[in-house]
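Open the model in your viewer and show it as a cartoon. The stops below start with the strands and end at the ligand.

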Amino acid sequence: MLNRTLGTTGPQVSALGLGCMGMSALYGDADRAESIATIHAALDAGVTLLDTGDFYAMGHNELLIGEALRTAPAAHREKALTSVKFGALRGPDGDWYGYDGRPAAVKNFAAYSLQRLGVDHIDVYRIARLDPDVPVEETIGAIAELVQAGHVRHIGLSEVGADTLRRAAAVAPVSDLQIEYSLVSRGIEADILPTARELGIGVTAYGVLSRGLISGHFARDRQLAANDFRGMSPRFQGENLQRNLDLVEALRKVAEERGATVAQTAIAWVLAQGDDIVPLVGARTRERLTESLGALDVTLTAEDLAAIEAAVPAGAAAGDRYPAGQMAHLDSER
Ligand SMILES: NC(=O)c1ccc[n+]([C@@H]2O[C@H](COP(=O)([O-])OP(=O)(O)OC[C@H]3O[C@@H](n4cnc5c(N)ncnc54)[C@H](OP(=O)(O)O)[C@@H]3O)[C@@H](O)[C@H]2O)c1
């Protein structure tokens, strides 16, 4: 497995990370046994980075990863790195009540995550969204104290803009920014990515398949469960969906000419944007995982990249990447 380093101060991780969110939440039901088998298969293939959030079905995702780690061969378990997001406040019915980045809350969240994951430290710890009521310096300072105490190894950030990156990096070393980045979500290229590079902060890119939209497998008439995020996402609605799937068909042509699948081409495109970027793939079955890992064998030439960009030009996606209420929480969109 190819490895990459997260920023100048972060850990070495597999060039593709496994995002485990969809195994518990947001994309409808998942099969628990298959989810664990997928994590095991990823570890077996050399994937070392497992990404989660404590609020993905309220601890369910961390417990799932904990079980997968406990039942994995020791050699794989020892190499696995956990990347955990915290801070989202949710109710028993799944309601969202904002974010809490107060230092005491940070330490409280971490204590529960360590228990659920069954680990003695978290490798990268980050607040999922900036808490607008708490200066980022205080939140980062609290994680830095967890690093000092040995409970956390590295500090990350999620969906923040360039100014916040600078403020955070002035407090303590930041390993990576987790942020949406794909052929159809290129907002970070103008300001955020150059700033991360200037500061020596790596990127863990999520939504590289735009939540399945540009995977080549998303059917126009797919029925989504009531609790599926995509049922509310502007990109999956009506005419937007139609226009976005037309882009996928253009991408399919380019992919097929190169003997790759659409998903592999979309992941390979992100991999090709820099060695400081690690795509997190949201595979939740072994079949999807195998397809995703195939992206590591897809080498894109300058000509290939130009053909891909001609098929899916920057800014061509129809619809925002989040519903309006959630866009408002994104420091990265200010
Ligand atoms: N920091 C943040 O704000 C944030 C936000 C969202 C996610 N994340 C993290 O990033 C991770 C990845 O995000 P994501 O799950 O939205 O990413 P994604 O990889 O863009 O989308 C995953 C979806 O794509 C579908 N898919 C189709 N073909 C696939 C293939 N070959 N490989 C993988 N998936 C395929 C899956 O569908 P089926 O399973 O239905 O087939 C799944 O629904 C999450 O698991 C989470 O850890 C972070």
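This is a predicted model. Begin with the strands: select S3, S4, S5, S8, S9, S10, S11 and S12, which in that order close into a barrel of 8 strands with parallel pairing. From one strand to the next, the twist averages 30°.

Next, select helix H4, residues 103–117, which packs on the sheet. Helix H4 touches strands S5 (81–86), S8 (122–127) and S9 (152–158), and its direction makes about 140° with that of S5.

Move to helix H9, residues 262–271. This helix lies across S12 and strand S11 (202–206), and runs at about 155° to S12.

Now select strand S3, residues 17–19, together with S4. The two pair in the parallel sense over 2 bridges. Within this pair, Gly19 stands opposite Asp51 of S4.

Keep Gly19 selected and show the ligand. Which residues come nearest to the ligand? Of the 30 residues around it, they are Gly19, Tyr206, Gly212, Ser215 and Gly282. Two or more shell residues come from each of strand S4 (49–53), strand S12 (277–281) and helix H10 (286–293). H10 gives the most, with 3 residues. Colour the shell by residue class: 11 are nonpolar, 12 polar and 7 charged.

Last, select residues 16–311. An unreviewed UniProt entry annotates this range as "domain: NADP-dependent oxidoreductase".

How values were computed: Residues numbered from 1 in each chain as written. Predicted model: local features only at pLDDT ≥ 70, side-chain atom pairs only at ≥ 80, totals over all residues. Near = placed C-beta within 6 Å. Helix = DSSP H or I, 4+ residues; strand = E, 2+ residues; numbered from the N terminus. Nonpolar A, V, L, I, M, F, W, Y, C, P; charged D, E, K, R; others polar. UniProt positions renumbered as here; feature names shortened; annotations may be inferred. Pairing = 2+ DSSP bridges. Axes fitted to C-alpha atoms, helices over the stretch in contact; angles between N-to-C directions. Contact = placed C-beta atoms within 7 Å.
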